[in-house]
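The sequence and the model are shown first, and the description follows.

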Amino acid sequence: MITPESIDRVREAADIVDIVGEHVKLKRAGADFRGPCPFHGGKNPNFSVSPKRNAYHCFKCGVSGDAIGFVREHLGMDFVEAVRYVAARAGVDVQETRAARGPEERDPREPLWECTAAAAELFRTALWDDDEAAPARDYLASRGLAKTEADRFGLGYAPRDARWIERLRALGHDDARLLEGGLLVQREDGSPPRARFRGRLMFPIHDASARVVGFGGRVLGEGEPKYLNSPQGTLFDKGRSLYGLSWAKHPIRKRERVLVVEGYFDAIRLAPAGIEEAVAPLGTALTEGQAAILAKLTRNVFLLYDSDEAGLKATFRAGLELLRLGVSPRVVTLPNGEDPDTFVRAHGAERMEQVLAQGVDLLDRQIQLLERRGWFAELHKKRRAIDKLLPTVRACADPVTRDLYVSRVAEVSGVDRATVQREAEQEERRPGQRTPRIARDPLGGAPAAGTG
């Protein structure tokens, strides 16, 4: 049996337009592609392939599926053969257990996907039809988000009385499934489980194949935590999930870039403005797994975190994760007090593109901050400034970029290049020593002012 993780990686990496395009003559039709259906032998362009949803559908005969499903049906392969076929074209290595999977065996996660999809629809309906959701609607209006835009991203509302749980039970989803899907929480005292999300604005989180795998719930008014995510489980892996990936995946490949933003609303605001290639990590720090997903899609990564201290620290930590994978990220600095959501609302996509064009390399951004604080102007600070830059040099996996970084540090510090090179080759942590501050904090105490 091919592991579920491998199947997910294959589905995420597959380019359905390329795969279907090998067998069907496709032409672009808006955001999708159209052609004659290969299954019923039609001649009209009733067969649609959607890069955004990573799926195909025939409006005449009703067939639909993803890249793996297309290969199975069109080429007559069983499930395992189809996964291997798509994996080979996507450049993904698959891992298998000893037992082979039958051609008609259902993915064991399908009941959970059905459960989370049903919950997402209940939340979406409650947002607009439930009187209790008025504060959520008011909040969206205050953020300048219309119903059409909210519906586009499936935003919803989880009622406080958790009657949505009873609706899911009525649809046949038992408590075991609701617990595994992260919709119920088991009490420690042994009492009946309760709804995890109550009285919150809900953001469905999709995988790359547009399946709902989890939720982020924002509190309305007072309460903690401000954002509550689904728990780690069978479907949801926070460290390998990116908000917006389902709609951003193909725009990322098309435009050969990705924008990493801080929050849900940042990604949501950019997409309707025409900048669809934006994703948000589910927290402030980009994980190794999230960085790996981005590195497979593009080498051009723009980091658009806030310019406050927390945002700068998150920027540099994300940058180190990307450098380790051979990606050279660029840092984009918005005016003080602005984030992508507010900036695009005020200035539009054209001005955002101008700001993106001014993005600077990660190391150069660190140098800018250190120079403005005068760290290279005083001898006793210069050594400490170099120490703050060395982890960035060490993290760089691309040999050419690493060599350029060494030269840049030597240039700005006035230290001999060979000396910088030797320092960069030393271990960050020697046996018996505490991890230096810079290894824990890539910002390393550099000024956190949001200027520039």
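Strand β15, helix α13 (residues 309-323) and strand β16 form a right-handed β-α-β unit. A crossover is right-handed if, with the strands pointing away from the viewer, the path from the first strand over the helix to the second runs clockwise. Helices (H or I, at least four residues) and strands (E, at least two) are DSSP runs, numbered from the N terminus.

The model is predicted: local features need pLDDT of at least 70 and side-chain atom pairs count only at pLDDT 80 or more, while totals for chains, interfaces and linings use all residues. Residues are numbered from 1 along each chain as its sequence is written, and side-chain values use heavy atoms, with hydrogens and water left out.

Buried means under 20% relative accessible area, exposed over 50%, and partly exposed in between (1.4 Å probe, protein chains only). Two strands pair if DSSP finds at least two bridges between them. Strand β13 (residues 258-261) runs parallel to β15 and is joined to it by four bridges; Val260 stands opposite Leu303 there. β16 (residues 330-331) also pairs with β15 in the parallel sense, over two bridges, and Arg330 is the bridge partner of Phe302.

**Helices α16 and α17**

How do the axes of helix α16 and helix α17 cross? The axes of α16 (residues 379-395) and α17 (residues 399-413) come within 10 Å and cross at roughly 170°, where axes are lines fitted to C-alpha atoms, for helices over the stretch in contact, and angles run from 0 to 180 degrees between N-to-C directions. The two helices are therefore roughly antiparallel; angles under 35 degrees count as roughly parallel, over 145 as roughly antiparallel, 65 to 115 as roughly perpendicular and the rest as oblique. Among the residues that meet are Ile386 and Leu389 in α16 and Tyr405 and Val409 in α17. Contact means heavy atoms within 4.5 Å.

Most residues other than glycine have a negative phi, and most peptide bonds are trans. The peptide bond from Glu224 to Pro225 is cis, with omega near -5°.

| Residue | Phi | Relative accessible area |
|---|---|---|
| Asn54 | near 55° | 3%, buried |
| Glu256 | about 55° | 53%, exposed |
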